[in-house]
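Let's take a protein model apart, one question at a time. Have the sequence and the 3D view ready.

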Amino acid sequence: MVRPHRFRPNPETEADNTFQARGDADRSDVISRSAYREVTEAVERLRAHGVDVHLFEDDADATPDSVFPNNWFSTHAGGHVAIYPMYNPSRRLERRWDVIEMLKREYRVQDVIDYSGLAEDGVFLEGTGAMVLDHVSRLAFVCRSNRADPVALERFCTNFGFEPMAFDAIDEDGNTVYHTNVLMCVASDFVLIGSSMIRDEARRAQVLDRLGARGRTVIELTPQQVRDFAGNAIELTGADGRLLAMSARGVASLTAAQRAAIEASCTLLPLDVPTIELAGGSVRCMLAGVHLDPRPAASESAAVA
């Protein structure tokens, strides 16, 4: 996770992110301090539930969206890391090699595949914002948008062994959904999805069929629940089992039946991030998951040797 010191809604990204609020320059200091506090408290709550969080600081004025690191890199079982081409120029500045070096020190990293140069050719793929990955069925669900180019998607899926499952998704005002991870979340035993936003009925049926193929419960979200970031959630492993991290706003939008379906599988962990959500993303966007094997501690290595 990244704790921002100069957070604000990015005017560069508001043209195609309809989940984003317009920035208020007169309140920039208040917004920045609130965002810093929200990330601090979210990290504390995650750690209190046994989630191992690597926290990085960002005090650069040029990277207001750095709180969403899952867009520029992802990690994968077997020691693989991907770095992605970002649509907006300011977001390309978020790439940090100290993050990659930390992963190499702490985890077994076999290779780093860097797609970021594709941005110079106008080809973009914004990581696990643009893609929702089913790591079990090896499927990459993707809403088509200017942030998810089919060329980059094909390269990623070929390199990392996923099958692309692309579709068009439109919000209630007729706008393209900018990132797939606001629309859906794939967990071990269930899926959250606003499938009504996939207007093509045949394609919607295909997506739902693939999502439910391994016996997962499909929990349908309304467009308003998607707008409240109920789909922007992530399953994590805590000290006492599985957790579903979701914003407090998203949790408040759930019905009793939806909550029961989630809690049959894992503990629901609400995180209060209303200021962060002004930028058009929520809890899932704030967490870049680590799917790498940890390196043994130095003492363990010496014992083995």
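Q: Which ring does the charged end of arginine 138 sit over?
A: For a charge to sit over a ring, NZ of Lys or CZ of Arg has to be within 6 Å of the ring centre and within 35 degrees of the ring normal. The charged end of arginine 138 passes that test at 3.9 Å from the centre, and the ring belongs to phenylalanine 162.

Q: What kind of model is this, and how are its residues numbered?
A: This is a predicted model, in which local features need pLDDT of at least 70 and side-chain atom pairs count only at pLDDT 80 or more, while totals for chains, interfaces and linings use all residues. Side-chain values use heavy atoms, with hydrogens and water left out, and residues are numbered from 1 along each chain as its sequence is written.

Q: Where does arginine 138 lie, and is it buried, partly exposed or exposed?
A: Helices (H or I, at least four residues) and strands (E, at least two) are DSSP runs, numbered from the N terminus. Arginine 138 lies in the loop between strand E6 (131-134) and E7, and its phi is near 60 degrees, a positive value in a residue other than glycine. Buried means under 20% relative accessible area and exposed means over 50%, with partly exposed in between (1.4 Å probe, protein chains only). Arginine 138 comes out at 31%, so the word for it is partly exposed.

Q: Which aromatic cluster does Phe162 belong to?
A: Rings of Phe, Tyr and Trp (its six-membered ring) pair if their centres lie within 6.5 Å; planes under 30 degrees apart are stacked, over 60 edge-to-face, and the rest tilted. Searching the whole structure turns up eight aromatic pairs. Phe162 is in one cluster made of Tyr84, Tyr115, Phe156, Phe160 and Phe162.

Q: What is the geometry of the pair between phenylalanine 19 and tyrosine 178?
A: Phenylalanine 19 is in the loop between strand E1 (2-4) and helix H1 (28-48), and tyrosine 178 is in the loop between E8 and E9, 159 residues apart. Phenylalanine 19 is buried at 8% relative accessible area, and tyrosine 178 is buried too, at 5%. Their ring centres are 6.1 Å apart with 45 degrees between the planes, and the pair is tilted.

Q: How many residues apart in sequence are the parts that phenylalanine 19 and phenylalanine 229 tie together?
A: The two ring centres lie 5.7 Å apart with planes at 45 degrees, so this pair is tilted. Phenylalanine 229 sits in the loop between helix H7 (223-227) and strand E12 (234-238), while phenylalanine 19 is in the loop between E1 and H1, so the parts tied together are separated in sequence by 210 residues.

Q: Is phenylalanine 229 buried or exposed?
A: Phenylalanine 229 has a phi near 70 degrees, a positive value in a residue other than glycine. Its relative accessibility is 1%, so phenylalanine 229 counts as buried.

Q: Which charged residue sits over the ring of phenylalanine 19?
A: Look for a charged end 4.4 Å from the centre of that ring. The residue is arginine 227.

Q: What does proline 223 touch?
A: Proline 223 is found in helix H7, and at 30% relative accessibility it counts as partly exposed. Contact means heavy atoms within 4.5 Å. Not counting residues up to four places away in sequence, proline 223 touches Glu172, Ser196 and Met197.

Q: What share of the 305 residues is buried?
A: The protein chain has 11 helices and 14 strands. Among its 305 residues, the buried share is 53%.
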